[in-house]
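Subject: The two-chain model

Hi,

Here is the structure I promised to pass on. Have a look at it first, then read my notes below.

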Amino acid sequence: MGIEAFCMQILNMNKNCIKMVMKEMIVLNERIKKKHAVDPGTAASLIRLEQVGKSYGSRKVLSEISLSLDRGESLILRGGNGSGKSTLLKLVAGIIPASSGHIHRSSMQLQMGYAPDRLPKLRMTSEEYLIHMGQIGGMPMATLTTRIEELHELLELPAHSPSLLIHYSKGMLQKVNLMQACLLRPALLLLDEPFSGLDTDSSEKLLTLLHGLRAKGTAVVTALHDPLPSWESVSTTYRIREGQLILEETDTNEALNAGSIRYELDGLLTEEARAGLAAAFPHVDWTAAGNAVRCEIPSEDCHAFMHDFWQADGIVLSLKRKEGAI
Amino acid sequence: MIALLQYIHRCFMRSYRYGAPSFIYIAILMLIYSSGPNPVMGSYAFSSSILFVAAAAIGCLVMDVEAANQEMATMLHARSLVRLSGAKLLYAWIFASSLGLFAVIYPAVLGRLERFPSWEELGMASLYHISLAGLGVSLAGWFTVKLFESRFYAVLILCTWLALAFGAGGIGNALPEGWSWMTYLLPPLQLTLHALTFYDELGTGAKWLPVGATVVYAAVSATLLLWTLRRRRLDYPGE
């Protein structure tokens with residue numbers, strides 16, 4: 001196989017990945033613009049929390065939480081163990097009542113999906129369980145069957161396995177848990193530690209699923225412990241500290257302003273084209289050996305740079321997102 | 001509602017929780033009817049009182065058949081805790097009623113009674129059993145981990161409440177003058193047992209009164225329970 005054909009193969013493989021990253025960046029930009037242009041809690045909000053608090057006896061878990069969530073928006077909740085992440089998710093889902101404040105939903109029939117931190121081991125197959133959940137949710141049987149197979153395929157779990165959930169591993173149970181939450185294509189999806197127990201491949205599959213749902217307008221709230229740059233880049237991150245919800249936007253802006261989020265591109269580009277691009281993008285760092293190039297692209301230039309790179313018949317071998325001080 | 005009932009049925013069957021109360025109940029009936037002949041309505045009075053206890057046990061087990069996390073997910077799919085809990089109460093009632101019908105039909109068909117009961121007796125005995133099954137289930141719904149921090153205390157208080165229902169007559173007699181009305185707060189079990197024991201001596205109204213009283217008491221208990229659960233939602237006291 002010639003180097004050109006090899007590169008073309010890699011290029012095709014990378015195209016989808018790059019498209020996804022670019023799409024995420026566009027959405028991120030739009031979100032940041034929107035955040036500054038629109039007041040939170042507009043009439044279009046799917047759900048709006050006003051000064052919501054939750055106490056258990058004398059123990060105050062959450063206090064004065066105000067939050068609004070629109071269609072297609074993604075929100076990450078962070079915080080230590082017992083900080084109140086799961087409690088906030090349950091409040092939003094309406095599973096538990098608030099001790100104070102108000103929760104407004106856009107509709108009484110707002111379709112919500114909820115994946116608790118773990119699903120118990122049931123004496124049912126995953127298919128049986130999901131059919132029950134779908135039927136309870138009012139899904140027609142034909143649509144339900146297709147959807148169950150689609151989700152099993154996406155998360156790489158055998159759809160017609162006769163094994164009961166009691167014999168499933170933690171990761172497999174978590175997949176079933178996530179499938180039940182996504183089953184009805186909810187308008188609002190609430191996930192408590194969704195990546196817990198999943199291997200790298202499954203985490204990527206889940207991310208694909210979440211990106212897909214979000215693109216179709218599903219608002220997603222995830223309680224997370226571990227860093228997840230791909231999801232963070234399209235989400236607003238909040239931290240729960242001493243019962244208060246603190247926006248982590250400052251860190252993100254600082255990171256963007258300081259240029260600490262960069263993209264590293266390995267590719268092939270002619271020297272002529274390289275000179276043109278270098279002039280157009282003075283903040284991009286270049287390392288070159290013949291036609292092979294490595295570019296360090298600041299986050300804010302990435303969209304335009306990639307566009308011009310393709311225009312100049314550049315070939316992408318890999319594109320990585322990098323965080324941290326330069 | 002049918003989808004919820006099917007789901008609860010599968011959960012309950014696969015959990016094998018029905019085993020202990022059903023087995024004990026059926027074993028007691030078989031033991032009692034191993035010798036005969038037995039009086040018709042007197043036997044039904046005994047089986048209905050046993051069913052009342054078995055229904056309470058079944059009610060507790062069905063209400064708690066799902067683990068907390070599982071119930072949260074189901075509630076979101078059902079879009080209402082009232083619908084989900086209502087379905088659990090209904091399922092427990094249907095299950096307990098089937099045990100009640102077994103208690104009515106089994107001795108009659110196998111000839112363990114002194115004579116074959118009349119159709120009226122069979123019908124009324126079935127109604128008494130079904131209404132007491134509903135009463136037991138509606139009471140048991142209160143004594144679960146949804147409203148009690150400790151399952152032990154929940155079961156202990158349920159047992160006390162059932163014992164008070166059995167002893168309502170005696171309690172009424174022991175109370176000071178003017179306080180006997182308090183027995184009306186207790187489950188009307190004694191009305192049914194009295195009607196079955198003295199069935200032949202009672203008029204039509206007195207025969208139907210226990211069914212009406214039991215159904216009303218069970219309906220009020222179940223409605224208040226669902227209202228309470230709607231307010232509390234799945235805010236488990238143990239958390």
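A term to start with: pLDDT is the predictor's confidence in each residue, on a scale from 0 to 100. For chain B the mean pLDDT is 90, and 99% of the residues reach 70 or more. The complex as a whole gets an ipTM of 0.85 and a pTM of 0.76 from the predictor.

Some housekeeping. This is a predicted model, and local features need pLDDT of at least 70, side-chain atom pairs count only at pLDDT 80 or more, while totals for chains, interfaces and linings use all residues. Residues are numbered from 1 along each chain as its sequence is written, and chains are lettered from A, with ligands numbered from 1, in the order in which they are written.

Chain B first. It has ten helices and zero strands (helices are DSSP runs of H or I with at least four residues, strands are runs of E with at least two, and both are numbered from the N terminus). Chain B has a radius of gyration of 18 Å, which agrees with the value near 18 Å for a compact globule of 239 residues (taken over C-alpha atoms; the globule rule is 2.2 Å times the number of residues to the power 0.38). Its C-alpha trace spans about 50 × 45 × 30 Å along the principal axes.

Buried residues account for 44% of the 239 in chain B. A residue is buried if 20 or more other C-beta atoms, placed from the backbone, lie within 10 Å of its own. Helix H9 (residues 189-197) of chain B is mostly covered, with seven of its nine residues buried. Among those seven are B:Leu189, B:Thr192 and B:Leu196.

Now for where the chains meet. 21 residues of chain A are in contact with 21 residues of chain B, contact being C-beta atoms, placed from the backbone, within 7 Å. On the chain A side, strand E5 (112-115) and helix H3 (126-136) each give two or more residues, and H3(A) has the largest share, four residues.

Lastly, chain A is assigned domain 1 (3-30 + 262-322) and domain 2 (50-247), with bounds from an automatic or database assignment. The centres of these two domains of chain A, taken over C-alpha atoms, are 35 Å apart.

Cheers

Key: Two residues are in contact if their C-beta atoms, placed from the backbone, lie within 7 Å. A residue is buried if 20 or more other C-beta atoms lie within 10 Å of its own, exposed if 12 or fewer, and partly exposed in between; C-beta atoms are placed from the backbone.
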